[in-house]
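Here is a short briefing on one structure. Keep the sequence and the 3D view open as you read.

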Amino acid sequence: MKRTENPRAWWLVLPVLAVVAFSALIPLMTVVNYSVQDIFGPGQRVFVGAEWFREILHDERLHSAFARQLGFTASVLSIELPLGVAIALAMPTRGAGVSACLVILALPLLIPWNVVGTIWQIFGRADIGLGGAFVHALGIDYNYAQNPADAWLTLLVMDVWHWTSLVALLAYAGLRAIPEAYYQAAQIDGAGAFGVFHHIQLPRLRGVLTIALLLRLMDSFVIYTEPFVLTGGGPGNATTFLSQYLARMAVGQFDLGPAAAFSLIYFLVILALCFVFFTVLTAGEER
Amino acid sequence: MAAIELEGVAHHYGAEAGADPEWALDGLSHRFEDGTAVAVLGPSGCGKTTLLKVVSGLLQPTRGRVTIDGRDVTPLPPRERHITQVFQFPVVYDSMTVEGNLDFPLRNRGVPEAERRARVREVAELLDLTALLPRRARGLSASLRQTVSLARGLVRPDAAALLLDEPLTVIDPGRRWEIRQKLKRVHAESALTLVYVTHDQTEALTFADLVVVMDAGRILQVGTPRELFETPAHRFVGHFIGSPGMNLLPCHLEGRAAVVDDLRIPLGAAADRAAGSRGTLELGVRPEYLELRTDPAAETVPVRVQAVAELGDHRIVTALLAGRSLKVRVPDGATLPSERAHLHFPPERICLYREGKLVS
């Protein structure tokens, strides 16, 4: 193919560059700027080098927030991915049931994060919440505001309720894209339901599941609104995840230096995790 | 190793969609003899693929019976029939090696391991896949993928019949002969019953001992390639087979001649067969048998040459006979009359059709 060079094309890219600069690059560089200085006020600042980074990396409370975060993300992924695939497999493939299922699945995705938090905050209350009252009626002493395990469980159920649909919809789209001939060939070859799943459906879902995994990984790793609405990170620090901790540090205590150093590390961690998953999942895609 | 018999098989997809029943298969009966290679030929949408699915068990016919070697298999699922099928779209299990692909149908049937390995080697040898066995199936070319899916069909020791559903469609023309050669070799060595569905007449005629021509869910004719060419049993067969297809002219009978408008065309034995039949008939004659002449003779009719198409070793002349266009095949080198010409219809080559069917 012949490539044509036209320098004027750069002018067309310029608006995008400007938008990206204002919305991403400049804020990011500001954060970098903060992370290496101690700022007392306008015109009063001291260059501190890697001081904030060192301090952050040795912060015990940050370590525990990081551990909680990893635990939460791992639980969310290990529930939502298999459950989403299972729902997609169980969905009808034709008839009026398809539209009904799609609409029902899409509903949680349309609800804003803070509303999801509020819904479950009320739903889980023992006095006026349907869910909380029901669990109490079963004789279980459930109270997310006092019991760390209950708060965790509520958040987990909330996230599964909110986001499994996304995985299910992606997986359903992936399943529908498998040509009919594959299923027919499998029948002729005498494969059972498990064989069909293992050798046809799962390999062909690889692409969409990689996307689902990356989306849920990034999203659950920066979860903020739901625990904030439910218990504000409590009881104690039980549901204080990384972003919660960061926000407290930055806008609560105005420790801009350490907060900036922290957000850079946070950013790099997510980037590294996504990179690792992406590389592992797409390895062997080419032949 | 297996004779497949269809008895009054009919199928429509309407039952699922709730629409008016439109018969994809319209009550057809046919016996695929043991060890033969049969081509099922017909235009797109004529029910060929439905027919194969009914035989392999992917589809339960709405009506009718399918027997294999006398055993009624109509309600049985595919895995309980001794039949394998290769699809138009090459199906390969990408997550496995080529060897894993060949092994898959055997493993699913619980064949002992030593036997499996021997079988896979044998079939790989037959289809020149031995060198590829350890390779991942992902990323193979379309023709290799189709070869692998063919091998998966052949590997089963219990398979008595192989069904092929337009297996060469997605293969580039240059490689088609390769797979077709392999198929022929397989058929020669295995005594399998082969049913080969295609809409390509060249493929059907070169491949098969016997050709089944279908249209609109019915079998119109079963015959050898020669029979289909010389005595098409239905006007559709005449028109569909051949390139170009048979010329068809509305006519009526007067004594031993067919009259097209005012022109008399003398007939041979066909006239006796049609004797006594009244009403409109159709006269059919292949372009290959018509003779174009410069001078009039006793049994010629005048025509006007409208167009000439050069096709390398021969020419196809479009001639107008009383306003109707006819195709005439003229060998290369023969002199062509200019505008006015005379057409000779060899009487023994003429077929007569009433309501689409050959008068016999």
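Why do α4(A) and α7(A) count as oblique to each other? Their axes cross at roughly 130°, so the two helices are oblique. Angles under 35 degrees count as roughly parallel, over 145 as roughly antiparallel, 65 to 115 as roughly perpendicular and the rest as oblique.

This is a predicted model, in which local features need pLDDT of at least 70, side-chain atom pairs count only at pLDDT 80 or more, and totals for chains, interfaces and linings use all residues. Residues are numbered from 1 along each chain as its sequence is written, while chains are lettered from A and ligands numbered from 1 in the order in which they are written.

**Two helices in chain A**

- Helix α4 of chain A covers residues 96-109, and helix α7 of chain A covers residues 148-176. Helices (H or I, at least four residues) and strands (E, at least two) are DSSP runs, numbered from the N terminus.
- The axes come within 7 Å. Axes are lines fitted to C-alpha atoms, for helices over the stretch in contact, and angles run from 0 to 180 degrees between N-to-C directions.
- The contact uses A:L105, A:A106, A:P108 and A:L109 of α4(A). From α7(A) come A:W161, A:H162, A:S165, A:L166, A:A168 and A:L169. Two residues are in contact if their C-beta atoms, placed from the backbone, lie within 7 Å.
- By class, this contact has eight nonpolar, two polar and no charged residues. Ala, Val, Leu, Ile, Met, Phe, Trp, Tyr, Cys and Pro count as nonpolar, Asp, Glu, Lys and Arg as charged, and the others, Gly among them, as polar.

**A buried helix in chain B**

- Nine of the nine residues of helix α2 (residues 48-56) of chain B are buried, so this helix is largely enclosed by the rest of the structure. A residue is buried if 20 or more other C-beta atoms lie within 10 Å of its own, exposed if 12 or fewer, and partly exposed in between; C-beta atoms are placed from the backbone.
- B:G57 follows α2(B), and its phi is positive, near 95°.

**B:L162**

- B:L162 sits in strand β7 (residues 161-165) of chain B.
- B:L162 is buried, with 23 other C-beta atoms within 10 Å.
- Beyond its neighbours within four places in sequence, B:L162 is in contact with B:T84, B:G153, B:L154, B:L192 and B:L194.

**Where the chains meet**

- 22 residues of chain B are in contact with 14 residues of chain A.
- On the chain B side, α3(B) gives the largest share, three residues.
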